[in-house]
Amino acid sequence: MAALWPPATLPGLHVDMGQWNTKAARWARFPTADYRCGRCGDIESASGDAVAAFVSTIHRIHRAACPSRA
Ligand SMILES: [Zn+2]
């Protein structure tokens with residue numbers, strides 16, 4: 001496995017839109033998303049069909065459950 005690109009270790013939402021192979025009509029690489037919290041450092045992830053909902057809700061969901069919230 002390749003090493004993470006340095007910005008991928010920064011807090012925030014990182015989305016890989018994947019790669020659709022039009023000739024084979026299937027994913028060559030599935031979409032993925034990682035959220036790294038800037039307060040507690042937790043990482044939450046989603047892939048495939050779950051990415052769209054994950055991207056639109058993870059900030060709110062993690063904020064409510066973040067162990068470092070005051
Ligand atoms: Zn957190």
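Leu10 is partly exposed, with a relative accessible area of 48%. That residue sits in the segment before E1. Before going further: this is a predicted model. I will go along the strands, then to the helix, and end at the metal.

Staying with Leu10 for a moment, take its distance to Val51. The two residues are 41 apart along the chain, and their C-alpha atoms are separated by 19 Å.

Next, the charged pair. How many salt bridges does a search of the whole structure find? The search returns one. Its partners are Asp16 and Arg29, whose side chains meet at 2.9 Å, N to O. In general, side chains of opposite charge can pair when their charged atoms come close.

Are these two partners buried or exposed, or something in between? Asp16 has 27% relative accessibility and counts as partly exposed. Arg29, at 38%, is also partly exposed. The reason for that label is the cut-off: buried means under 20% and exposed means over 50%, so values in between are called partly exposed.

One more distance for Arg29, this time to Ala65. In sequence they are 36 residues apart, and from C-alpha to C-alpha the separation is 30 Å.

E2 covers residues 19–21. The two strands run antiparallel and are joined by three bridges. Within this pairing, Trp20 stands opposite Trp27 in E3. The hairpin has four residues between its strands, and Ala25 takes a positive phi there, near 55°. Why point that out? Most residues other than glycine have a negative phi. Ala25 is a residue other than glycine with a positive value, and its place is the loop between E2 and E3.

The two tryptophans come up again at the surface. Which residues form the nonpolar patch? Trp20, Trp27 and Phe30 do, with about 340 Å² of accessible area together. Phe30 lies in the loop between E3 and strand E4, the latter being residues 32–36. Phe30 is classed as exposed because its relative accessible area is 53%, and the cut-off for that class is over 50%.

E4 pairs with strand E5, residues 43–47, in the antiparallel sense over five bridges. Six residues lie between the strands, and in the turn Gly41 has a positive phi of about 85°. What is the bridge partner of Arg36 in E5? The partner is Ile43.

Ile43 itself is partly exposed, at 46% relative accessibility. As for distances, Ile43 and Pro11 are 32 residues apart in sequence, while their C-alpha atoms are 9.1 Å apart in space.

Then the helix. H1 spans residues 51–65, and Phe54 has its place there. Is Phe54 buried or exposed? Phe54 is buried, with a relative accessible area of 11%. Between Phe54 and His14 there are 11 Å, C-alpha to C-alpha, for a sequence separation of 40 residues.

Last, the metal. Which residues coordinate the zinc ion? There are Cys37, Cys40 and Cys66, each through SG, and His62 through NE2, at 2.0 to 2.3 Å. The spacing of the donor residues in sequence is C-x2-C-x21-H-x3-C. As for geometry, the angles among the four donor atoms are 100 to 116°, and the site is tetrahedral.

His62 is buried, with a relative accessible area of 3%. Cys66 is buried too, at 6%. Both labels follow because buried means under 20% relative accessible area.

Definitions and conventions
Residues numbered from 1 in each chain as written. Predicted model: local features only at pLDDT ≥ 70, side-chain atom pairs only at ≥ 80, totals over all residues. Heavy atoms only, no water. Donors = N, O, S within 2.8 Å, 3.2 Å for Na, K, Ca; no water. Tetrahedral: all angles 85-135°; square planar, octahedral: opposite > 155°, others 65-115°. Buried < 20%, exposed > 50% of the residue type's maximum accessible area, 1.4 Å probe, protein only. Salt bridge = Lys/Arg side-chain N within 4 Å of Asp/Glu carboxyl O. Patch = residues over 30% accessible without salt bridge, like charges linked within 9 Å, V, L, I, M, F, W, Y side chains within 5 Å. Areas by Shrake-Rupley, 256 points an atom, 1.4 Å probe, with all protein chains shown as cover. Pairing = 2+ DSSP bridges.
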